[in-house]
Amino acid sequence: SVDQMFAHCNVAYEMALEDNHAKPGKFKVFLIKSLIKPMVCSEKPYKKSGRTHPAFLIKDKRVFENEKNRLINYIKKTQELGGDYFDNKESHSMGALTTTEWNNMFSKHLNHHLTQFGV
């Protein structure tokens with residue numbers, strides 16, 4: 001549902017801007033950096049029906065307006081912080097990312113899910 005999709009998209013911003021998700025161990029980070037980072041941080045669009053990390057699975061019903069407003073606020077905060085804030089900032093599970101990698105990750109993720117709902 002759209003409320004769950006917004007909540008799902010919010011997880012990426014929570015992981016980037018807050019410290020409320022458990023960080024993976026060193027071996028898992030190595031795997032994520034090696035296998036997932038190239039897909040997530042490149043300019044190549046996501047494939048359809050890809051696997052979702054468990055932290056991003058939203059199974060319960062959410063309040064549409066709350067999740068929509070949270071997403072808008074995260075996007076605004078990201079814009080206000082600007083590229084310098086994100087340049088070489090440590091990600092939750094992929095190590096330090098460049099500003100371009102952060103931008104690709106955020107924009108691809110939003111585009112992928114908004115497209116699913118015809119936006």
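Helices (H or I, at least four residues) and strands (E, at least two) are DSSP runs, numbered from the N terminus. The model is predicted, and local features need pLDDT of at least 70. Residues are numbered from 1 along each chain as its sequence is written.

Helix H2 spans residues 26–41, and Leu 31 lies in this helix. The 16 residues of H2 place its end C-alpha atoms only 20 Å apart, short of the 22 Å that a straight helix would reach at 1.5 Å a residue; the expected span is 1.5 Å times one less than the number of residues. H2 bends by about 45° at Leu 35, and Pro 38 follows within four residues. The bend at a residue is the angle between axes fitted to the seven residues ending there and the seven starting there.

Ile 32, Lys 37, Val 40 and Cys 41 are the buried residues of H2, where buried means under 20% relative accessible area, exposed over 50%, and partly exposed in between (1.4 Å probe, protein chains only). These buried residues pack against strand E2 (96–97) and helix H4 (99–116), contact meaning heavy atoms within 4.5 Å. Leu 31 counts as partly exposed because its relative accessibility is 33%.

Helix H1 (residues 2–17) also has 16 residues, and its first and last C-alpha atoms are 23 Å apart, close to the 22 Å expected. Of the 16 residues of H1, 14 are buried, so this helix is largely enclosed by the rest of the structure.

Asn 88 is found in the loop between helix H3 (64–86) and strand E1 (89–90). Its phi is near 65°, a positive value in a residue other than glycine.

Note on methods: This is a predicted model: local features need pLDDT of at least 70, side-chain atom pairs count only at pLDDT 80 or more; totals for chains, interfaces and linings use all residues. Side-chain values use heavy atoms; hydrogens and water are left out.
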